[in-house]
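These entries record what I looked up in one structure.

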Amino acid sequence: MGDYIKRLEMAIKFGKSVLFEAIDEELDPMIDPILEKNIVKEAGVNMITLGDSKMEYHDDFRMFLTTKINNPKYTPEVFGKTMIINFSVTQLGLRDQLLNEVVQYERPELEEARKKLIVETSQNKATLKGLEDTLLSELSKETDIPLVDNVPLIDTLNDAKTKSVEISAALEQAAITNADIEENRSSYSEVAWRGSILFFSITGLSSINDMYEYSLGSYMTVFMNALRLSRKDSIL
């Protein structure tokens with residue numbers, strides 16, 4: 001316990017991050033001042049009291065708490081003091097994840113095309129947004145030159161328009177390509193749904209006995225082995 005407090009104090013003083021792993025539903029009252037942000041200014045310096053020690057509180061200090069408990073029942077006070085993020089996988093989210101794995105195994109070229117399309121679409125949208133910002137910036141500049149005589153501005157507008165038309169056409173084509181890719185991917189959606197349902201059926205076994213608790217990582221290993229070892233068939 002003493003070492004844990006010392007490490008926490010050092011992190012607070014020097015603005016480091018602290019990660020507590022696999023915590024229970026009951027939190028140590030020692031960290032309440034941090035959760036409640038009981039910070040006071042003394043001579044222009046942020047100070048916090050932790051146990052019997054008063055120390056300087058660095059603004060860059062961060063504390064993270066993680067738990068392996070499914071749907072932990074924390075008190076309303078804990079919810080009020082902290083920002084709680086649920087990283088648990090959902091049945092729909094796991095379906096999508098398994099679908100990616102299945103397509104990557106069965107049709108790697110299709111999955112690579114999908115990933116490439118996502119990157120290109122994101123880049124094109126960012127470029128289009130940049131062009132819009134440039135246009136607004138140029139048009140908002142105050143100048144004594146009439147708009148029709150401002151050759152540099154006209155050239156900028158024409159260039160932006162040309163690029164905008166090209167990018168818009170690329171985005172339209174990307175939408176068509178994406179629809180075609182998703183149609184091909186949908187052929188494998190049934191096995192992804194089955195895999196997702198099976199995982200959540202297995203996770204329910206832990207309520208019978210802790211020995212039946214399975215991680216998503218171990219399940220993914222079993223799932224991918226099943227793909228590799230399954231009998232091949234000409235019918236999808």
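How do the residues of the lining of the second largest pocket divide into nonpolar, polar and charged? I found seven nonpolar, two polar and six charged. In this classification Ala, Val, Leu, Ile, Met, Phe, Trp, Tyr, Cys and Pro count as nonpolar, Asp, Glu, Lys and Arg as charged, and the others, Gly among them, as polar.

Entry on the source. I note that this is a predicted model, in which local features need pLDDT of at least 70, side-chain atom pairs count only at pLDDT 80 or more, and totals for chains, interfaces and linings use all residues. Residues are numbered from 1 along each chain as its sequence is written, and side-chain values use heavy atoms, with hydrogens and water left out.

Entry on the second largest pocket. I read a space of about 430 Å³ for the second largest pocket. It has 15 lining residues, and Glu106, Tyr188, Val191, Leu227 and Leu236 are the closest to its centre. Helix H4 (91-106), H7 and H8 each give two or more residues to this lining; the largest share, three residues, comes from H7. Helices (H or I, at least four residues) and strands (E, at least two) are DSSP runs, numbered from the N terminus. For the term pocket I used a 1 Å grid over the protein atoms alone: a pocket is an open set of points where a 1.4 Å probe fits, with protein on both sides within 12 Å along at least five of seven lines, and lining residues have an atom within 4 Å of a point. A volume is the space filled by probe spheres set on the points, which are joined across faces, edges and corners.

Entry on the largest pocket. I read about 1600 Å³ of space here. Among the 40 lining residues, Leu65, Thr66, Thr67, Ile85 and Phe87 are the closest to the centre of the largest pocket. Strand E5 (62-65) gives the most to this lining, with four residues. By class, I noted 23 nonpolar, eleven polar and six charged residues.

Entry on Arg185. I located Arg185 in helix H6 (residues 151-185). Is Arg185 buried or exposed? Arg185 counts as buried because its relative accessibility is 5%, where buried means under 20% relative accessible area, exposed over 50%, and partly exposed in between (1.4 Å probe, protein chains only). Its side chain makes a polar contact of 3.0 Å with the side chain of Asn100. A polar contact is a pair of N or O atoms within 3.5 Å; within protein, one must be able to donate a hydrogen and the other to accept it, and residues adjacent in sequence count only if both atoms are side-chain atoms.

Strands E2 (residues 39-42) and E3 (residues 45-50) run antiparallel and are joined by four bridges; strands pair if DSSP finds at least two bridges between them. I found Val45 in E3 as the bridge partner of Glu42. Between E2 and E3 there are two residues, and Ala43 takes a positive phi near 55° in this hairpin. E3 also pairs with strand E4 (residues 53-56), antiparallel, over four bridges.

Entry on loop residues. Lys37, which is not a glycine, has a positive phi of about 55° and lies in the loop between H2 and E2. I recorded Lys37 as exposed because its relative accessible area is 56%.
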